[in-house]
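Hello,

Here is the structure I promised to pass on. Please look it over before you read my notes.

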Amino acid sequence: MKCRWKHCKFGGEVDKDKAVQIGLSYFHPECYAERESIQKIIDTWHERVDAYPMEAMLRKMVNDLVLKQNVNAEFLLFALNYCLDHGWNLRHPAGLKAVSKDDKAHKAWDKKQNKKLGTKAATKITDEFRMDDTPFDFKPQKAVGFEDILR
Ligand SMILES: [Zn+2]
């Protein structure tokens with residue numbers, strides 16, 4: 001099938017059984033996620049920054065970052081919300097570049113990704129334990145279990 005994301009990075013052909021189908025259109029899952037995230041970045045800008053931005057410039061800025069500079073679109077969406085949550089006063093679409101490079105947003109993103117991977121192995125649990133800002137409410141019986149792992 002033809003991937004309908006016009007900026008497909010995978011050669012434009014997608015297996016039907018691996019594709020995301022929207023109506024009559026097929027997408028690589030990654031392409032669909034990228035397309036959705038780009039749209040959400042623009043929506044977020046409208047909702048939280050400026051309801052009437054210079055639309056063409058906003059789109060160009062997002063496209064440049066995601067499609068030319070390979071900034072992960074899902075990360076950019078996360079970083080935009082993160083920066084706005086942390087008091088950034090964004091006005092101009094060019095500010096997205098600074099958003100995409102923000103160290104704190106990158107760290108928060110990495111942490112979120114690590115959490116997604118899950119914590120099955122005992123070694124991983126001890127790694128989590130070392131993270132100083134991880135909320136860790138010890139219950140007595142849990143504490144015993146934890147010591148057993150460490151022994
Ligand atoms: Zn694709």
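Below is what was found, starting with the ground rules.

This is a predicted model, where local features need pLDDT of at least 70 and side-chain atom pairs count only at pLDDT 80 or more, while totals for chains, interfaces and linings use all residues. Residues are numbered from 1 along each chain as its sequence is written.

**Overall fold**

The protein has 7 helices and 2 strands. Helices (H or I, at least four residues) and strands (E, at least two) are DSSP runs, numbered from the N terminus. The order along the sequence is β-β-α-α-α-α-α-α-α. Of the 151 residues in the protein, 23% are buried. A residue is buried if 20 or more other C-beta atoms lie within 10 Å of its own, exposed if 12 or fewer, and partly exposed in between, with C-beta atoms placed from the backbone. Contacts are pairs of residues whose C-beta atoms, placed from the backbone, lie within 7 Å. Among contacts with a separation of 6 or more, 49% join residues 24 or more positions apart.

**Helix α3**

Helix α3 covers residues 73-85. The expected span is 1.5 Å times one less than the number of residues. Buried residues of α3 are Ala73, Phe75, Leu76, Leu77, Phe78, Ala79, Leu80, Tyr82 and Cys83. They pack against α1 (29-49), α2 (55-68), α4 (95-101) and α5 (103-116). After α3 comes Gly87, with a positive phi near 85 degrees.

**α1 with α3**

Two packed helices are described by the angle between their axes and the distance between the axes. The axes of α1 and α3 come within 8 Å and cross at roughly 20 degrees. Axes are lines fitted to C-alpha atoms, for helices over the stretch in contact, and angles run from 0 to 180 degrees between N-to-C directions. The two helices α1 and α3 are therefore roughly parallel. Angles under 35 degrees count as roughly parallel, over 145 as roughly antiparallel, 65 to 115 as roughly perpendicular and the rest as oblique. The α1 and α3 crossing is left-handed. That term applies if the near helix is turned anticlockwise from the far one by less than a right angle; clockwise is right-handed.

From α1, Ala33, Glu34, Ser37, Ile38, Lys40, Ile41, Thr44 and Arg48 take part. They meet Ala73, Glu74, Leu76, Leu77, Leu80, Asn81 and Leu84 of α3. By class, this contact has 8 nonpolar, 3 polar and 4 charged residues. Ala, Val, Leu, Ile, Met, Phe, Trp, Tyr, Cys and Pro count as nonpolar, Asp, Glu, Lys and Arg as charged, and the others, Gly among them, as polar.

**α1 with α2**

Here the packing angle is about 140 degrees, with the axes of α1 and α2 11 Å apart. That makes α1 oblique to α2. Their crossing is right-handed. Glu34, Ile38, Ile41, Ile42 and Trp45 of α1 touch Leu58, Arg59, Val62 and Val66 of α2. This contact holds 7 nonpolar, no polar and 2 charged residues.

**Two single residues**

Asn70 sits in the loop between α2 and α3. Its phi is positive, about 55 degrees, although Asn70 is not a glycine. Most residues other than glycine have a negative phi. Asn70 counts as exposed, because it has 9 C-beta neighbours inside 10 Å.

Lys18 lies in the segment before β1 (20-22). Lys18 is exposed too, with 10 C-beta neighbours inside 10 Å. Lys18 and His28 are 10 residues apart in sequence, and their C-alpha atoms are 7.2 Å apart.

Best wishes

Terms used
Two residues are in contact if their C-beta atoms, placed from the backbone, lie within 7 Å.
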